There are 2 protein chains.
Amino acid sequence: MQSITALRTRIRSGDLTPDGALALTREAIAAREPEIGAFVTLAPEPRAQREGPLAGIAVAVKDIIDTADMPTQMGSAIYEGWRPKGDATVVAALRRAGATIIGKSTTTAFASADPTRTRNPHRSGRTPGGSSAGSAAAVGGGMVPLSLGTQTGGSIIRPASFCGAAAIKPSFRLIPTVGVKCLAWTLDTVGLFAATVPDLAAALEAVAGRAVSEGQTRPPRFGVVRQDFAGAPDPEAEAALAEAIARVSRAGADVRDLAVPSSIGEGWEVQPTIMDYESAQSLAWESEVAGNRLPPNIAAGVSAGRATAPADYDEARRTANRARREAKVLFAEVDAILTYSAPGIAPDGHGSTGDPRYNRLWTLLGTPCVNVPGLRGPDDMPIGIQVVAPFARDAVALDAAAFVEAAIAP
Amino acid sequence: MQSITALRTRIRSGDLTPDGALALTREAIAAREPEIGAFVTLAPEPRAQREGPLAGIAVAVKDIIDTADMPTQMGSAIYEGWRPKGDATVVAALRRAGATIIGKSTTTAFASADPTRTRNPHRSGRTPGGSSAGSAAAVGGGMVPLSLGTQTGGSIIRPASFCGAAAIKPSFRLIPTVGVKCLAWTLDTVGLFAATVPDLAAALEAVAGRAVSEGQTRPPRFGVVRQDFAGAPDPEAEAALAEAIARVSRAGADVRDLAVPSSIGEGWEVQPTIMDYESAQSLAWESEVAGNRLPPNIAAGVSAGRATAPADYDEARRTANRARREAKVLFAEVDAILTYSAPGIAPDGHGSTGDPRYNRLWTLLGTPCVNVPGLRGPDDMPIGIQVVAPFARDAVALDAAAFVEAAIAP
């Protein structure tokens with residue numbers, strides 16, 4: 001994979017220019033894109049900027065995020081060739097930080113669960129996950145050092161785990177969603193994919209305009225959450241979690257098991273109700289004017305949302321708010337949570353983007369989540385570990401994830 | 001003014017067709033628009049629908065709200081001629097309810113405070129207020145029975161007071177902002193203007209798809225809030241509030257004075273910090289690519305937002321969240337609050353859109369607010385009374401406002 005911090009070190013030392021870094025990225029795309037198919041659009045004449053913390057860093061932008069200079073097609077024929085007026089706030093922030101938008105990456109239609117044409121960069125017969133399929137595959141496949149995704153259910157952490165990329169779903173609204181096609185306004189979260197956890201920290205600091213590392217002074221205290229409410233994982237996910245626990249313990253971290261109180265676990269149950277109800281409203285125009293052009297998964301979500309009574313939505317929102325208020329009890333005696341990023345390795349075939357069941361609760365809670373890559377499961381496929389920290393403690397999430405990443409490194 | 005409920009009664013009785021209602025609206029626009037200038041775009045061939053609770057009802061849509069069939073120009077030369085792809089969620093909801101989008105109404109640039117060309121329908125030398133200038137003037141001037149506005153500071157209730165229209169800023173997010181140009185994502189609220197409070201209730205029920213009246217069984221208990229933290233109003237606003245208090249008391253309502261705890265009043269102080277910080281991010285592309293085309297008020301807001309440290313924004317958000325949590329104590333012994341809609345009648349001249357200082361706290365709190373028209377101040381200008389209810393109690397706000405409206409009717 002291409003590492004932001006490694007490229008920056010070379011650029012700062014004079015070993016590489018921003019133009020040279022961009023050329024490396026373009027070569028990697030030329031080599032791997034025909035097999036992976038992560039891009040919808042490639043910038044015709046990308047140029048490196050000379051200044052800024054991300055000068056020379058090329059970014060793949062999920063194709064539900066507006067760009068002034070390339071189409072934004074939402075993974076849907078309804079938006080074929082559509083050109084928004086301006087850049088989304090996060091894209092403007094990337095350009096301000098010196099980055100180059102290298103292309104638009106595939107997304108399931110409207111960031112739901114209908115598979116794209118993108119292949120898993122490690123095994124082309126397997127799914128890259130979704131909805132941020134192209135962004136996960138572009139980083140995991142070593143084509144770009146940075147990409148943008150969004151998560152409403154499990155659309156960042158899960159594909160990152162499947163593709164072997166590091167990724168962060170930051171605290172809700174740390175990165176604004178202005179200029180990002182809305183699926184569900186109380187859940188949609190913009191996040192980043194990169195090669196390593198320090199790469200994520202470097203990029204998030206540049207995008208959010210604030211420090212996101214506190215510097216570790218002692219090994220973190222971890223709580224292990226197995227999310228029983230979501231059912232058991234595949235054996236390889238349990239094995240990966242056990243391996244991570246053993247490694248961080250050996251590295252000096254305190255690790256204990258945590259039970260999730262039912263008041264918080266109930267948030268997991270209502271997340272689909274909120275997502276579907278809001279998506280039916282967000283996609284009102286699309287579903288009413290061109291409903292027969294919506295693929296089956298998003299069409300089913302919109303239908304479910306339309307059938308949801310406002311009172312049931314209100315009740316789900318109250319349950320969600322209660323879970324958010326009480327989430328801090330999870331962190332009373334630990335710095336961060338360790339849990340599964342996904343139920344297993346990327347599933348075989350391209351009929352599904354995999355299961356977001358271990359991501360939904362954290363999206364609903366708005367807590368920062370990091371996928372830590374590095375472990376492998378069956379078929380030599382990557383399998384990630386999810387690190388979760390309290391709301392607004394993105395620096396804690398990244399520092400704890402960096403500790404895990406270092407501990408599981410071979 | 002054109003009343004939704006009156007038009008519906010005539011349509012249901014067979015006295016008027018939806019086409020006939022639309023023709024009345026078009027005649028009124030032809031008669032008054034040259035003087036008022038409330039519209040940016042008029043639908044070239046508007047058609048009435050035959051079915052739905054708003055069949056025959058023409059709606060003016062603030063020009064920061066996306067429409068698939070007309071430009072959406074944000075009150076800014078940057079968006080001249082801009083055509084969005086689809087309808088905003090609220091526009092789709094209006095069409096589904098049978099309404100006809102008759103045109104796009106003027107807005108200050110990006111819903112900030114730079115005056116538009118629109119004149120006050122009661123005195124053309126006075127401001128209609130802003131930012132929802134055209135929507136307030138179109139209803140207050142009797143041109144349309146319904147219009148859409150947005151409020152981030154005081155952009156619905158204040159122009160409604162100045163133009164003599166009824167208006168509701170519903171609970172935060174009761175009407176989704178999907179497809180509405182973002183100014184500040186934690187504050188932006190979509191609302192409605194109509195001739196009377198029952199007209200608002202009829203329209204809100206159709207748009208939100210849920211009941212918004214509980215039916216009054218007894219006179220409401222009112223608390224009077226004078227918002228001392230925002231300074232004293234002009235004498236005419238105090239006189240109007242005193243008149244309203246006298247009238248509702250005579251009609252049987254219990255009225256008592258309420259003090260606003262400082263923990264809530266502090267929300268008023270931080271609202272501009274939050275608005276400016278978020279607007280600097282929301283308008284990042286516009287200000288970076290075409291900053292010299294931003295008019296002075298929004299440019300100043302963006303500059304202030306850029307100069308705000310993230311830590312100061314975070315602190316302001318914590319203050320806001322504390323105020324929201326504690327807001328319910330205001331309603332411990334009353335059903336609704338009576339307060340000023342604006343510091344006085346619409347100011348003379350067109351250099352300013354007036355002062356939102358009595359609206360900012362309630363926007364920040366996300367509580368439903370209704371402007372009740374009917375009273376008059378100096379120069380025979382309208383002056384409104386603001387009725388506020390607890391979050392998510394839009395029905396209480398509308399029922400209490402209907403009581404006030406009936407009590408102050410001549």
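**View 1. Salt bridges across the whole predicted model.** This predicted model holds 48 salt bridges over all chains. One of them pairs A:Arg221 with A:Asp335, whose closest N and O atoms are 3.1 Å apart. The two partners come from distant parts of the chain, 114 residues apart: A:Arg221 sits in strand E7 (residues 221–224) of chain A, while A:Asp335 belongs to the loop between helix H11 (310–326) and strand E9 (336–340). A:Arg221 is partly exposed, at 30% relative accessible area. A:Asp335 has 17% relative accessibility, so it counts as buried, the cut-off being under 20%.

**View 2. A salt bridge between B:Arg221 and B:Asp335.** Here the closest N and O atoms are 3.1 Å apart. B:Arg221 lies in strand E7 of chain B and B:Asp335 in the loop between helix H11 and strand E9, so the pair ties together parts 114 residues apart in sequence. Is B:Asp335 buried or exposed? With a relative accessible area of 16%, B:Asp335 is buried, whereas B:Arg221 is partly exposed at 30%.

**View 3. B:Asp15 and B:Arg10 joined by a salt bridge.** Look for the closest N and O atoms of this pair, which are 2.7 Å apart. Both partners are partly exposed: B:Asp15 has 49% relative accessibility and B:Arg10 has 34%.

**View 4. A salt-bridge network in chain A.** Three residues take part in this network: A:Asp69, A:Asp87 and A:Arg95.

**View 5. Where chain A and chain B meet.** Each chain brings 30 residues to the contact. Together the chains bury about 2500 Å², with 58% of that on carbon and sulfur atoms. Which residues of chain B lose the most area to chain A? They are B:Lys85, B:Arg173 and B:Trp285, together giving 27% of what that side buries. The interface is crossed by 4 salt bridges. A:Arg96 and B:Glu288 form a salt bridge too, their closest N and O atoms being 2.6 Å apart.

**View 6. Helix H2 of chain A and its kink.** This helix covers residues 18–36 and reaches 25 Å from its first C-alpha to its last, close to the 27 Å expected. Find A:Ala30, where a kink of about 35 degrees lies shortly before the proline A:Pro34. Buried residues of the helix include A:Leu22, A:Thr25 and A:Ile29. Among the elements covering the buried residues are helix H1 and strand E1 of chain A. After the helix comes A:Gly37, with a positive phi near 65 degrees.

**View 7. Helix H13 of chain B, largely enclosed.** Of its 15 residues, 13 are buried, so the rest of the structure largely encloses this helix.

Note on methods:
Residues numbered from 1 in each chain as written. Chains lettered and ligands numbered in written order. Predicted model: local features only at pLDDT ≥ 70, side-chain atom pairs only at ≥ 80, totals over all residues. Heavy atoms only, no water. Helix = DSSP H or I, 4+ residues; strand = E, 2+ residues; numbered from the N terminus. Expected span 1.5 Å × (residues − 1). Bend = angle between axes of the 7 residues up to and from the residue. Buried < 20%, exposed > 50% of the residue type's maximum accessible area, 1.4 Å probe, protein only. Contact = heavy atoms within 4.5 Å. Buried area = accessible area lost by both parts, 1.4 Å probe. Salt bridge = Lys/Arg side-chain N within 4 Å of Asp/Glu carboxyl O.
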